[in-house]
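This report is for a reader who is new to the structure below. Please look through the sequence and the model before reading on.

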Amino acid sequence: MHRPGRTLVALLLALALAAVVSGCGVTRGSDDPSNRRLRMMIPNSVGGGYDLTGRAAARAMEDNDLTGRFEITNVQGASGTVAMQRLVNEKGADDLMMLMGLGVVGAVYTNRSGATPLKMTPIARLVEEQEGILVPADSPFETIDDLVDAWREDPGGLAVGGGSSNGGPDHLFPMQLADAIGVDPTKVNYISYDGGGPLTTALLGAKIDVGMSGLGEFEGQIEDGKLRVLAVSGAERLEGIDAPTLTEAGVDLVFTNWRGVLAPPGISDAQREYLTELLTEMHDTAEWREALEANGWTDNFATGQEFEDFLAEQDDRVADTLKELGLA
Amino acid sequence: MDLLLDGFQTALTPENLLFAALGVLLGTAVGVLPGIGPAMTLALLLPVTYSVGADSAIIMFAGIYYGGMYGGSTTSILLNTPGESSSVITAIEGNKMAKAGRAAQALATAAIGSFVAGSIATVLLWIVTPQVADIVVTLGSPSYFALMMLALFAVTAVLGASKLRGFIALFLGLAIGLVGTSTGQARLTFGEPLLADGIDIVVVAVALFAIGEALWVAAHLRRKPLEIIPVGQPWMSKEDWGRSWKPWLRGTAFGFPFGALPAGGAELPTFLSYATEKRLTKHPEEFGKGAIEGVAGPEAANNASAAGTLVPLLALGLPTTATAAIMLVALQGYGFQTGPTLMDDHPDLVWGLLASLFVANALLLVLNLPMAPLWARLLRIPRPYLYAGILFFASLGAYSVNFQAFDLALLLVLGILGFFMRRFGIPVLPLIIGVILGPKLEEQLTTALKISQGDVSTLWSEPVAVVVYAVMALLLVAMAVAGLRRPAEPPAPSPQDEKELIER
């Protein structure tokens, strides 16, 4: 099923783990792009969503000789705020890019940090993921309308769970949803779980009334009929999920969790152009398409002015939501 | 049964055996390094594994997982530098044993205990996984809160000779546990975003144990003659075996169910096992000075809990630890539908994994048992060099997590706290328990009360919670009765004891 040579390579790579952990130096200044070393900063732990996206992108660029090897650093802390602060401190650095997304935008506000996304140099949006509204199989809510009615009747009585802390996508989504259906967001009873695993447990045990999260981690439970999706949050239906979009169900809200790439503030236009070009080439590689497929990410690539406007709009929206809640 | 035999056939092909061995070695190596855990290793290996077969990759991951659990205990015992949060408790008695020349015995009881616990737990995994899956999710925050109250209750067993000092340590630990923004409010972060996620228990433990001790030794190097660590016997004596086997079994009994519970974790059972062994031992005078039971029990508990976490993973597709979460990502990367149907859809993969856990366990024993006397000789390095090495090792571990100089400063500050705790005879264990339990206790309480919208009666709304509170009440009554029967005991610590307490 696989060639022995590749197995050997895998073994050797595994043994070289220590070298990976310690990272390696940076050399620059050659004309050959495959010699050009870049650094990538990931704002959460190894194995998390940003990490998987960033490493997949870096691998696609390395394997196609668009660049040399990436030096990838995971900078954890305050849901990305620490990494954003570091990006500001690297002002003008011409060899650095940082993975980020909606959760980082929110975290910057909830942590009252000055290192906001608008201060950085926007490069590209890479992927997006819809949020799903999940209930246990024996829940009384059969449709999104049932849920909306119950929520309007008793805003605080509905226990809404999500896999992120305040300011994260699973927190922002129910708040904006509440706002869209006329429920006061400050009355929403949001219960934060530490990621998809604990949230699944709470849903399966029917400890909460409804869960809001990206659906990737729930596929098995949905297929098995243990969890039911009432609606998805994007502009179009999700393949393989038998649930309407919010707009189809008469709720005026489109919400997606997205991930993209920023560069430090103060880099030259030429450098910005170079990084944009690099990611555009990356986006066209077969490796990247495979990664999208394998991870269930939806392609939503944008660069230049389009991404800049999008970032500003998102920043605005997040700030509004969190300020209304008194969290920013 | 046929499925299991097929599983062994998958696990015992030369190639998969090689991957299991590689996983075990890697796991032991990263378990030894504080800061780099099995979760991070698996994540870094993820891209590599997609070029090998799914069964080989998962088998290697299982090896890393078990190896990490074991490797963490080696440095705990030898260097007082726990590599993983689940081996923090091992350091308490294990390092004392090492100082008394019994490092080989401590390592051996840890290795054999891990093997025994891992094997029993793997068998339990075969038997119960299909059945208990639906039960574990019925436990909600009220039940976890009750279980953690029980653990807090057990702290009384480890407060030490002076209750006042014990409580000082406990409250210091609870205060350290408050740091962070987990409740949505920033507490004790002093506006520093680097403190927003709280202080990692491994950093606290390494600082208090290793840095605190290094400072203490440095401060006394010239005033006290060098204690030569006796060489001791290379193998476990008959008495050691006799004192170890019951703690192994009890540790397994604590570890497996806690591992199988989605919010159980590996730290609580190690601590409950330690407290139990301290109460049941026939040699209470040795606790705090290197009691073998205090190593055997917790080590069995942490391995059994590692196996337990696979129950929700395989039966429900529920990852309950960081390591399990990454194993799940790997399975999904291979296109497997992880969830309640994994066991029915891919029995070969699941049983191959279960069989390879057994193999990994056996490999660990074979690798580590002969190593124990060799490792023990490490302690004969002259102390200035040994402690320099420990300091280097501890700093590397703290730094490698995040590449933040801030973590080194944190390590030093907490190390100085450890130094003064030694100076004033304040026990370390209650502090560690406070750091572990405080945030968990609070998280479960706030979740329970948020869901019930502030109705306190939710706390005894689940049967498991009621049972746990009843057990606590019975224990309280039993302790009160025992206290009435022997009112004169224990006597106040004599001046000799006090002195010894401070010396430690």
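## Chain A in outline

How many helices and strands make up the secondary structure of chain A? Chain A has twelve helices and ten strands, where helices (H or I, at least four residues) and strands (E, at least two) are DSSP runs numbered from the N terminus.

The model is predicted, so local features need pLDDT of at least 70 and side-chain atom pairs count only at pLDDT 80 or more, while totals for chains, interfaces and linings use all residues. Residues are numbered from 1 along each chain as its sequence is written, and chains are lettered from A and ligands numbered from 1 in the order in which they are written.

Of the 328 residues in chain A, 50% are buried (20 or more other C-beta atoms within 10 Å of the residue's own, with C-beta atoms placed from the backbone). Among the contacts in chain A with a separation of 6 or more, 76% join residues 24 or more positions apart; two residues are in contact if their C-beta atoms, placed from the backbone, lie within 7 Å.

## Two domains in chain A

Chain A splits into domain 1 (22–128 + 257–324) and domain 2 (130–232), with bounds from an automatic or database domain assignment. The contact between them takes 13 residues from domain 1 of chain A and 13 residues from domain 2 of chain A.

On the side of domain 1 of chain A that touches domain 2 of chain A, helix H5 (102–110) and helix H12 (304–324) each supply at least two residues. H5(A) gives the most, with six residues. By class, this side has five nonpolar, seven polar and one charged residue (nonpolar: Ala, Val, Leu, Ile, Met, Phe, Trp, Tyr, Cys and Pro; charged: Asp, Glu, Lys and Arg; polar: the others, Gly among them).

## Where chain A meets chain B

The contact takes 47 residues from chain A and 45 residues from chain B. The elements of chain A that each supply at least two residues to its side include helix H3 (49–63), strand S6 (189–192) and helix H8 (196–204). H1(A) gives the most to this side, with seven residues. The side of chain A that touches chain B holds 19 nonpolar, 19 polar and nine charged residues.

## Confidence

The predictor gives the complex an ipTM of 0.78 and a pTM of 0.82. Chain B averages a pLDDT of 84 (the predictor's confidence in each residue, from 0 to 100).

Within chain B, confidence is highest in helix H18 (residues 405–423), at a mean of 93, and lowest in helix H21 (residues 495–503), at 45. Over residues 488–504 of chain B, pLDDT stays under 50. Where pLDDT is low, the predicted coordinates should not be read in detail.

Note on methods: A residue is buried if 20 or more other C-beta atoms lie within 10 Å of its own, exposed if 12 or fewer, and partly exposed in between; C-beta atoms are placed from the backbone.
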